[in-house]
Amino acid sequence: MVIGASSAKKTEEAAGTTEGPSGGEQLRRRLGRADVRAVPEVRRALRELLARWGRPGRSEIAELLTSELVTNALIHTDRDAILTATVSARRLRVEVRDFVGRRPRPGRPDDGDGTHGRGLILVQSLSDAWGVQAHGVGKAVWFELDGEAA
């Protein structure tokens, strides 16, 4: 689902799990501007969604990568973001949409404090697919995990 700039401001995202467009379950959350307290809540909600997926090792990776995308969107854009996670028997797709057009790039870890620059490297290394999709206003950074892989 693509959300245009005008509809994103008018639509309040329901907090909960619903049926996704491909018949799988879907989790959607609106994440408040710079609200990094949302990260553990998103991880918890994703964990609940994925409990029925039956892929425990993949679920842990999904939580880690989702934390990275959510944190990046909230820290680097200073705007709201929208998380959408869709799970089916075959795959999990997590997308974090923000409203800043600047494209993220995998960086090099900061030698100084060792806590920055690893997020997209982790996404690139641990996901089965990932990318950035431009929107009229902003972008969506996404990853997929194959449900068949162990």
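**Strands, core and helices**

Modeller: Strands S3 and S4 pair in the antiparallel sense over seven bridges. Two strands count as paired if DSSP finds at least two bridges between them, and helices (H or I, at least four residues) and strands (E, at least two) are DSSP runs, numbered from the N terminus. The model is predicted, so to speak of local features requires pLDDT of at least 70 and side-chain atom pairs count only at pLDDT 80 or more, while totals for chains, interfaces and linings use all residues. Residues are numbered from 1 along each chain as its sequence is written, and side-chain values use heavy atoms, with hydrogens and water left out.

Colleague: How many helices and strands are there in the chain?

Modeller: The chain has four helices and six strands, in the sequence pattern α-β-β-α-α-β-β-α-β-β.

Colleague: Which residue in S4 is the bridge partner of Leu83?

Modeller: Val96 is that partner. S3 and S4 form a hairpin, with three residues between them. On its other pairing, S3 (residues 81-87) joins S2 (residues 25-31) in the antiparallel sense over seven bridges, and Arg29 stands opposite Leu83. S4 also pairs with S6, again antiparallel, over eight bridges; there Glu95 stands opposite Trp142.

Colleague: Why is S2 described as largely enclosed by the rest of the structure?

Modeller: The term to learn is "buried", which means under 20% relative accessible area, with exposed over 50% and partly exposed in between (1.4 Å probe, protein chains only). Five of the seven residues of S2 are buried, so the strand is largely enclosed. S4 is mostly covered, with six of its eight residues buried. Of the 150 residues of the chain, 41% count as buried.

Colleague: Which residues have the most contacts inside the largest nonpolar core?

Modeller: A nonpolar core is a set of buried Ala, Val, Leu, Ile, Met, Phe, Trp, Tyr and Cys residues joined through side-chain atoms within 4.5 Å. The largest one here has 29 residues, and Leu31, Val70, Leu83, Leu92 and Phe143 have the most contacts inside it. Elements giving two or more residues to this core include S2, H2, H3 and S6. H2 provides the largest share, seven residues.

Colleague: What does Leu92 touch?

Modeller: Contact means heavy atoms within 4.5 Å. Leaving aside residues up to four places away in sequence, Leu92 touches several residues, including Trp53, Ala62, Val87 and Phe143. Leu69, found in helix H3, is buried with a relative accessible area of 4%. Leu69 and Phe143 lie 74 residues apart in sequence and 9.1 Å apart in space, C-alpha to C-alpha.

Colleague: How should I read the packing of helices, and at what angle do H2 and H3 cross?

Modeller: Two packed helices are described by the angle between their axes and the distance between the axes. Axes are lines fitted to C-alpha atoms, for helices over the stretch in contact, and angles run from 0 to 180 degrees between N-to-C directions. The axes of H2 and H3 come within 10 Å and cross at roughly 150 degrees. That makes H2 roughly antiparallel to H3, a label for angles over 145 degrees, with under 35 roughly parallel, 65 to 115 roughly perpendicular and the rest oblique.

Colleague: Which residues meet between H3 and H4?

Modeller: Among them are Ile61, Leu65 and Leu69 in H3, and Leu120 and Val123 in H4. The axes of H3 and H4 come within 9 Å and cross at roughly 145 degrees.
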